Amino acid sequence: MTDPRILIMGAPGAGKGTQSSRIAETFDVEHVTTGDALRANKDMDISDLGLEYDTPREYMDQGDLVPDEVVNTIVETALIEADGFVLDGYPRNMDQARELAEMTDLDVVLALDVSEDELVDRLTGRRVCEECGTNFHVDFDPPATDGVCDECGGELVQRDDDTEETVKDRLRVYHANTEPVIEFYEEQGQLERIDGELTPDEVWADVKATIDREASS
């Protein structure tokens with residue numbers, strides 16, 4: 001199997017980042033995320049799109065949402081430059097899914113299934129060191145001393161976007177915008193569902209076996 005083209009989907013907290021990193025390393029493909037792609041191409045000339053700003057940086061500096069047209073262009077550039085890839089965080093809505101279909105053919109589409117209660121527990125339990133940025137989790141990866149970073153001794157805090165209210169808002173947006181995309185791939189017969197509530201190693205075993213099977217068929 002050479003250079004598979006993989007899409008991984010799932011709600012915030014489902015484990016996409018962890019599994020994407022292992023996919024990229026094991027199958028020697030690019031890990032393409034919208035965040036990384038935007039940061040890498042923030043000075044791209046997008047003046048031909050006729051939008052308010054001429055570079056992605058200007059949207060980011062203003063704190064504005066980067067328009068779909070810009071995200072589409074940047075993702076397409078990243079995919080063209082990659083021999084194989086695992087795409088994480090795109091498409092987020094049906095318009096982006098239709099754009100992606102024009103950009104490339106996918107070998108494998110994965111969805112990590114995790115219940116809402118489990119997602120809330122995972123996301124609200126995260127704690128971040130104010131000094132060095134190291135991540136911990138009150139249940140799954142606690143520090144040796146409660147509230148204190150193992151790495152530098154800094155104070156561990158809960159970020160604003162990890163509070164229960166904010167997490168539930170993020171999940172509502174996901175259900176409204178991205179779940180229809182998963183249903184679209186399922187209706188097309190492309191979707192492979194993975195139980196995301198297993199341990200990370202067990203999830204990885206299922207992910208790797210699915211990619212091995214689907215990308216070589």
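Reply:
**The hairpin and its neighbouring strand**

S5 and S6 form a hairpin with five residues between them, and Gly-133 in the turn has a positive phi of about 85°. The model is predicted, so local features need pLDDT of at least 70 and side-chain atom pairs count only at pLDDT 80 or more, while totals for chains, interfaces and linings use all residues. Residues are numbered from 1 along each chain as its sequence is written, and side-chain values use heavy atoms, with hydrogens and water left out.

Strands here are DSSP runs (E, at least two residues), numbered from the N terminus; two of them pair if DSSP finds at least two bridges between them. Strand S5 (residues 126-129) pairs with strand S6 (residues 135-137) in the antiparallel sense, over three bridges. S5 is also joined to strand S7 (residues 156-157) by two bridges, again antiparallel. Val-128 stands opposite Asn-135 in S6, and the bridge partner of Val-128 in S7 is Val-157.

Turning to the aromatic rings, those of Phe, Tyr and Trp (its six-membered ring) pair if their centres lie within 6.5 Å; planes under 30 degrees apart count as stacked, over 60 as edge-to-face and the rest as tilted. By this rule there are two aromatic pairs. Tyr-53 and Tyr-59 are edge-to-face, at 4.8 Å centre to centre and 85° between the planes. Buried means under 20% relative accessible area, exposed over 50%, and partly exposed in between (1.4 Å probe, protein chains only). Tyr-53 is buried at 16%, and Tyr-59 is buried at 4%. Phe-184 and Tyr-185 form an edge-to-face pair, 5.3 Å centre to centre with 65° between the planes. Phe-184 is partly exposed at 26%, whereas Tyr-185 is buried at 4%.

Methods: Helix = DSSP H or I, 4+ residues; strand = E, 2+ residues; numbered from the N terminus.
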